[in-house]
Amino acid sequence: MKSSQHETTEWSDSVTLTVSDNEPRPVLTVSPSWLSPGASVTLNCEVEHPSAGWSFYWYKAVPDLSEKSSSYELLPDGSGTAQDSYIIHGQTHTAGYVCRAGRGDPEYHTDHSQPKFVWSADVHSAASHTVSPDRVQHFTSDSVSLTCEGNFTEWRVRKFSEDGRLYSDCRRMTGSTCDINTSKSDTAVYWCESGSGEFSSAVNITVQNDGNGPILVSPVHPVTEGASVSLSCSLRTQQILSNVFFYHNDKLIQNDARGELKISAVSKSDEGFYKCQYSGRESAQSWMSHFATLLIKVVHVTAVQCCA
C-alpha cells in the first residue's frame, strides 16, 4: 500500500499450508532382492513429500522372537548420512533392513520404515532348513513341511507373500517344523529365523492353482556345482509322466519319450528358469540355481637353508 495515495497492490498468489498429525514414514527399497552371495546390495530410503535437509539412518533388523518382532542394529557408518542410499558390500546371507530420516535442530526423527529383505540361497549360514517334499512347486491341499535346522532352541518361520505381506508366525508350528496345507495364498518366499538372530537361506514355494495342470518337480535348494540333478513333470493324479517337453529360459531343450530331464554335472550355464509341458498344458516356471564350491589350491614350499 502506498500510504500517500492509499493505493493497494494486487493480491499475491495464495500459499496452502498443510499440517498433518501423522509423522512421515520413509519407504525403504532394496536392490537386488535376490542375492548372489558376495554381491553388493543398495538400500534406498524415500521420505514422503521429499525436501532438502534430511539425514538418513540405516539399520539391520535383528530377530527378536520373544517380542515376535525385530530390534534394529545401526549399520557401520549408517548414522546421519547425507545420501538417501547406502551400499552394503559382500552380502552373503538373507537379511532384513530398515531406515529412518531426521532433520532440524534439535533433530526430529521419522518412524522407522517397514523392514525390507534381501534373500540369499547361500547354504553356509548357521541356520538352515529343509522342505518336504523337496520341490519348489506344489498342488493345492498338498502337505508341505519346512523344518528349521541348527544349534538353536527357538525358531520362527517367516513368509513374504506375492501381495507383499510379511508374516511372522507359522499357523501350524510344532517345535522347529512348520506344516503347511497349501493354498494359492501360500505362494511365497520362506526362511527361518533363530532366537539368536540368525537367518537361514530363503526358498520359493509356488502353489499350482490349476488342478488339472502339471507341476515341475525341481529341487528347492541350489544344486552343488558338478552334481547331477533330475527334473520331472507331475500331475496330481499321476506322478510319473512320459513324452514331456522341457524348457530352459523358454527354449525347448528336450522333446522325446523320456519323462525326466537329467543334468549329469550342473554348471553355471544350467542356472535359469525351467518349466515342463505335458499334453499341451504347461507348468509354472521355477528358477534353478547352482552352488559353486570354492576350491583352494595349497602349495607346499620347502625352505632350504644354505651355508656360505
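Biologist: What makes a residue part of the lining of the largest pocket, and which residues lie nearest the centre of that pocket?

Modeller: A lining residue has an atom within 4 Å of a pocket point. The largest pocket has 40 such residues, and Trp34, Ala121, Pro222, Trp287 and Ser289 lie nearest its centre. This is a predicted model, in which local features need pLDDT of at least 70, side-chain atom pairs count only at pLDDT 80 or more, and totals for chains, interfaces and linings use all residues. Residues are numbered from 1 along each chain as its sequence is written, and side-chain values use heavy atoms, without hydrogens and water.

Biologist: What makes a space a pocket, and how much space lies in the largest pocket?

Modeller: On a 1 Å grid over the protein atoms alone, a pocket is an open set of points with protein on both sides within 12 Å along at least five of seven lines; a cavity is a set where a 1.4 Å probe fits but cannot get out. The volume is the space filled by probe spheres set on the points, which are joined across faces, edges and corners. For the largest pocket that comes to about 980 Å³.

Biologist: Which strand supplies the largest share of the lining?

Modeller: Strand β18 does, with four residues; a strand here is a DSSP run of E, at least two residues, numbered from the N terminus. Strands β2, β13, β17, β27 and β28 are among those that each supply at least two lining residues.

Biologist: How do you know that Cys45 and Cys99 form a disulfide?

Modeller: A disulfide is a pair of cysteine sulfur atoms within 2.5 Å. The sulfur atoms of Cys45 and Cys99 are 2.0 Å apart, so the pair counts. Cys45 is in strand β3 and Cys99 in strand β7, so the bond ties together parts 54 residues apart in sequence.

Biologist: How many disulfides does the whole structure have?

Modeller: The search finds four. Another joins Cys148 to Cys192, with sulfur to sulfur at 2.1 Å. Cys148 lies in strand β12 and Cys192 in strand β17, so parts 44 residues apart in sequence are tied together.

Biologist: What makes the disulfide of Cys148 and Cys192 left-handed?

Modeller: Its S-S torsion is about -85°, so it is left-handed. For Cys233 and Cys276 the torsion is about 65°, so that disulfide is right-handed.

Biologist: Why is Cys233 called buried?

Modeller: Buried means under 20% relative accessible area, exposed means over 50%, and partly exposed is in between (1.4 Å probe, protein chains only). Cys233 has 1%, so it is buried. Cys276, at 0%, is buried as well.
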